[in-house]
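We will take a short tour, one stop at a time.

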Amino acid sequence: MAVVASASGLLAMLQEQHPTLKLHALRNLNVLVDNFWPEISTNISAIESLYEDETFHERQMAALVASKVFYYLGELNDSLTYALGAGSLFDVTEDTEYVQTLVAKCVNEYISLSVKLAESNDSETTEMDPRLVAIVERMLDKCMQEGKFQQAVGISLECRRLDKLEEAINRSENAASMLSYCLRLSQTFVSRREFRHEVLRLLVKGYQNFPQPDYLSICQCLMFLDEPGKVADILDKLLKGDKNEALLAYQVAFDLFENEYQKFLLNVRDLLPEPSSAASTTGILATNGRLNQGSRNENGISALTDAGPTAMDSDLTEPLLARHDEEVATDAAAAAASPAAQAESRTPYAERLAKLKGILSGETPISLTLQFLYSHNRSDLLILKTIKQSVEMRNSVCHSATIYSNALMHAGTTVDTFLRENLDWLKRATNWAKFSATAGLGVIHRGHHQQGRSLMAPYLPQNGGTGGGSPYSEGGALYALGLIHANHGEGIKQFLLESLRNTSNEVIQHGACLGLGLAALGTADEEIYEDVKNVLYTDSAVAGEAAGIAMGLLMVGTASEKAAEMLAYAHDTQHEKIIRGLALGIALVVYGREEEADTLIEQMTRDQDPILRYGGMYALAMAYRGTANNSAIRRLLHFAVSDVSDDVRRTAVLALGFVLCSEPEQTPRIVSLLSESYNAHVRYGAAMAVGISCAGSGSSEAISLLEPLTSDAVDFVRQGALIAMAMVLLQTTEAREPRVASFRRLLEKIINDKHEETMSKMGAILAQGILDAGGRNVAIMLQSRTGHDRVTAVVGMAVFSQFWYWYPLIYFISLSFAPTAFIGLNEELRMPKFDFISDTKPSLFGYPPSVVPPAATSAVKLPTAVLSTSNRAKVRGAKKESENKSGKAPVQEGGATASSTNAEGSGDGDKESTSTMKDKNAMDIEGGVEKKAVVEPSSEVLSNPARVVPAQEKYIKFKEDSRYAPLKLKRAPSGFVMLRDMTPSEPVELVSTDTPVSAGGASAAAAATAAAAPMAVDDNEPPPPEPFEYVP
Amino acid sequence: MEGKLADITRLFQKFKAAYDKNDTETSDNILSQLKVKLTELPSLPPLFKSSPSSIQELLLARDILEHAVVLSVKMEDQDAFERHFLQLKSYYTDTRGVIPPSGQEYPILGLNLLRLLVQNRIAEFHTELELLPPAAHDHSCIKHAVELEQSFMEGAYNRVLSARQAVPHETYVYFMDLLAKTVRDEIAGCSEKAYDSLSLVEAKKILMFASDQELLAYVLDDHPDWEIRGTRVYFQRAKKLAPCKEIPSLQLINQTLGYARELERIV
């Protein structure tokens, strides 16, 4: 049969007089338009005039044809206008490209209109085209009818149609998954805070409608909404329920804790009812505390008297030695107290409540984390040793960089072996280097709440004000206390505050301010604020800078009036340091406030003073952290290329890293051009931005971007690139990313190279520290598993990036470290013995292999003639040396035993077993590594608690027949996981060995390794792996 | 369906009667009714639904449209001609294999060519020509149009005018008259370019007018910008030279400054 070859006949028919003919032509054109649009487009004006002809009945048909023609011409706007004119003839259900494109266009249009409508002030609201609304609604209905609820949710979220959103969620079969999808969307895509809150409220309502509400998600939402009361109610209700519900309550609490929203957690805790038998518990706690205090004082004195003669007369080294005994003693005291607590009989509810409060206040999780980090510590002392040897003694920058590096490597592990072994070397730190060396202890002992203060006691300013100690170590100690108690500083606040009040030394003030800021992070405590402000008003550059930062830390995310006050003072003062501190402080105050902060940001970015503009960049970074907000990115890019000050440009680029930290895959693309900038500062910023946002991702693009920068012509760019690279490669194994090995070699090369500039050398040393951070069991996580930003982490990272101006701030990076652990807990909040499977090759996520000491160097040398006399002399020298060493060890031991024999006796057995156990474990793992070369198993069995790096989570499987099963299967298997006991009748076997000796064991093991390590090194050969049996 | 066809056939008879009587008004009225009725037949383009009566329907519709085309020539309505022709064309091109060719096909195609020539749409003229099968070029109607075009292009205007006498079909006369006008316009356009002025006599000769009156009327109607002074026609060509463009210095300065600023900002 024939087909038409041209539409000209029909087009001609349009010119006919009779409307029937026109209609006939239009109808046929509508059918033919897909093929004949080029012909029709020449006559489009005829069709348009038909549409505009009010007397013509079938105007809609004309509109439809016109719309299609415009669509083919690519004029989507015109096409949309006519499609709207076509009314019901435009069928959204039609499955053609035209309809799909136009509907998409329609939805976009509607979204942009409704966003404009929502964001503009009510005075000048533009009228929404009802036809447009109709189409979008038809579209949404269609989506829902076809079961595409995710689309419907997405569209209605973007259109800000809460009614439709609710409908979509309610109509879907799987409302739970829809809600979680929506929650994720609202966190990642809804850039406007107020609207997000509305969505969250809706979500809470949705979750509560379930017969079995998903309390985990509800509480997440409520936390975003900052409604502690409701969370407290839910938790209370759960606690009163059965065992599983109590477990759920604990899980909720742990999840909330992971988000590190201290103020909220404290509010929840305070809103929970006091347990009826609270008196007894607190009583015990109090006595416990008192006991601790007592023993501390006692030991403090004994330490002063006993340790005095043995240690060198440096105030730094002395307390290190003196500390053993204290710890042992306190532990003994604690051990004595705990059975008493156990013996006390309490109602189950009260008991649960107490546990829950323990979680919320952070005590339980932090001590569990500490335990984990200590027991799983796999840091490689040889790396540090190499660094130490290759760094010139006189170069104080590298010297303190090594100290920083050590602190980071052992962050949270309480292992200070390296410092202990190198007291002489450590003594070289003077003035501010001493400040940071002392503060480094805070990083190492991070989370060691109970004994934090006693650990630092020897360095702390004594009550008389003249402790004889140097102000630098005293200030450093206060800072260290802050680091130990970061974000959980209720217990220490008062002490720090008093220290601040009692001193007028600016160095101590500096340390106290930083410590206070850290300990009272985000609490908006008025009293502390006033005191810090007084320090600021003394207008001392050193103290003022810390005060500025501390004010920001105190007021994190409050967007309070104080910001204006701080800004005013920043204008008044002459000191750049103070202005900089305040600028950062202000940025912290507007943390997470997004649009709310815009006025302030505008004010800062328009300032005459580059330092304030620089603060403005930070304010943008903080206010829009992790939102990937387009306007923020645009503004930052603008400043990155147009500001006159290098500092501002650098910071603007760096700030991109914060804004994009929720979408790390974006960052390398966005900054890739900037990383090729002629301006070294911009390059540095680009490197850091990638480092911050891609931290721990091992992202290949990020590495490719950073790699050329590590050999940049400018030293500080190299520094930034090395640090950023270390952040990116954190916990990435060679099996996953072969470039890790080359990077490690590069670091080694830079550190050993005599001609390398100090700046990049320092970068390499720090990078080494970050790369092996926290005994390799931590990752930098700026966002929690649920996608919420971790306030502490982001703040820590922001202050860390200030190290450009002030090295001691490097320690703030430890705030962003999060342990990569799976810690399974039973209802007693103890770790039961429990195995699970990581269904992948062990080498993919294992620890990096330990460094092999360079044994081959001597072998290559030609044999030189050695005189027998010199040989003998050498032997003599060696003997003397070893004698010295062995002589030293007993002195230490002796000191320890002398002061607390009884404690030693009780703790001994435990310690022994721990260390041997540990060794064996290590051997096993090492042996496994060697075996792998032959044939690598495709899975491995991990036992609770285990190291589970984020990328590994998806491989984790639980055994079917296991006694314990996680309470919530959907939840990512990492962090704190509540386990359900399938056979509660059987006796519980706990992973107990480490539990009671967290601190005592630490020092003991440290001492043990301290004794063992030099031996091994002298031999220049690692111990051979013990024989073992391979169990698949 | 049958009824409809019969209905249309009856109406068409009526139309033919009026058409033969040269009663253009009645036939036009009936024609528009016919056209509406035609839309109801599904076998017609562009639908081409096959039905037992489809061949009949097509033949009838073609016949009607052919008459419509001729009628519009008779009524001297170029627009209607074009409209009808375009509708008719589908029957010639798309249904070639379905219904036997019409005797009227070439005369009407020739007419259309002529129309394009008249309207000076040379490009379309050639397109149409290319679409014709080679055999068609021998048909007198087509040949006529092709020859006319050649003369027209060569500038042999006299041949064009003389061709009026040798029309292959009586309907062609109308267009031949129009063609004379087109030719005249061409000549006028050329003269304008070629001369500043011409004497009336010469102008009359060049433009091939029989009398001065005709010339004057023509000038008045079509070229009001011409001026007749005494015995000469002055072509008031717009001799204004395009004003020399000023250098947009301010804009250039701004642009250059802009470049400088942008260069500064290069990252």
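**Stop one: where the chains meet**

Across the interface of chain B and chain A, the rule finds 0 salt bridges. Keep in mind that this is a predicted model. On one side, 20 residues of chain B are in contact with 26 residues of chain A. Between chain B and chain A, about 2000 Å² of area is buried. Carbon and sulfur atoms give 68% of that area.

**Stop two: H6 and H8**

Select residues 97-119 of chain A, which form helix H6. Show side chains next. From H6(A), pick Val107(A), Tyr110(A), Ile111(A), Ser114(A) and Val115(A). They meet Ile155(A), Glu158(A) and Cys159(A) in H8(A). By class, this contact of H6(A) with H8(A) has 6 nonpolar, 1 polar and 1 charged residues.

**Stop three: H39 and H40**

Move on to helix H39, residues 700-709 of chain A, and helix H40, residues 715-729 of chain A. How do H39(A) and H40(A) run relative to each other, roughly parallel or roughly antiparallel? They pack at an angle of about 155°, with axes 9 Å apart. H39(A) and H40(A) are therefore roughly antiparallel. H39(A) passes H40(A) in a left-handed crossing. On H39(A), the contact is made by Ala702(A), Ile703(A), Leu706(A), Glu707(A) and Leu709(A). On H40(A), the contact residues include Val717(A), Arg718(A), Ala721(A) and Met725(A). By class, the contact of H39(A) with H40(A) has 10 nonpolar, no polar and 2 charged residues.

Conventions
Residues are numbered from 1 along each chain as its sequence is written. Chains are lettered from A and ligands numbered from 1 in the order in which they are written. This is a predicted model: local features need pLDDT of at least 70, side-chain atom pairs count only at pLDDT 80 or more; totals for chains, interfaces and linings use all residues. Side-chain values use heavy atoms; hydrogens and water are left out. Axes are lines fitted to C-alpha atoms, for helices over the stretch in contact, and angles run from 0 to 180 degrees between N-to-C directions. Helices (H or I, at least four residues) and strands (E, at least two) are DSSP runs, numbered from the N terminus. Angles under 35 degrees count as roughly parallel, over 145 as roughly antiparallel, 65 to 115 as roughly perpendicular and the rest as oblique. A crossing is left-handed if the near helix is turned anticlockwise from the far one by less than a right angle, and right-handed if clockwise. Contact means heavy atoms within 4.5 Å. Ala, Val, Leu, Ile, Met, Phe, Trp, Tyr, Cys and Pro count as nonpolar, Asp, Glu, Lys and Arg as charged, and the others, Gly among them, as polar. Buried area is the accessible area (1.4 Å probe) that two parts lose on being put together, summed over both. A salt bridge is a side-chain nitrogen of Lys or Arg within 4 Å of a carboxyl oxygen of Asp or Glu.
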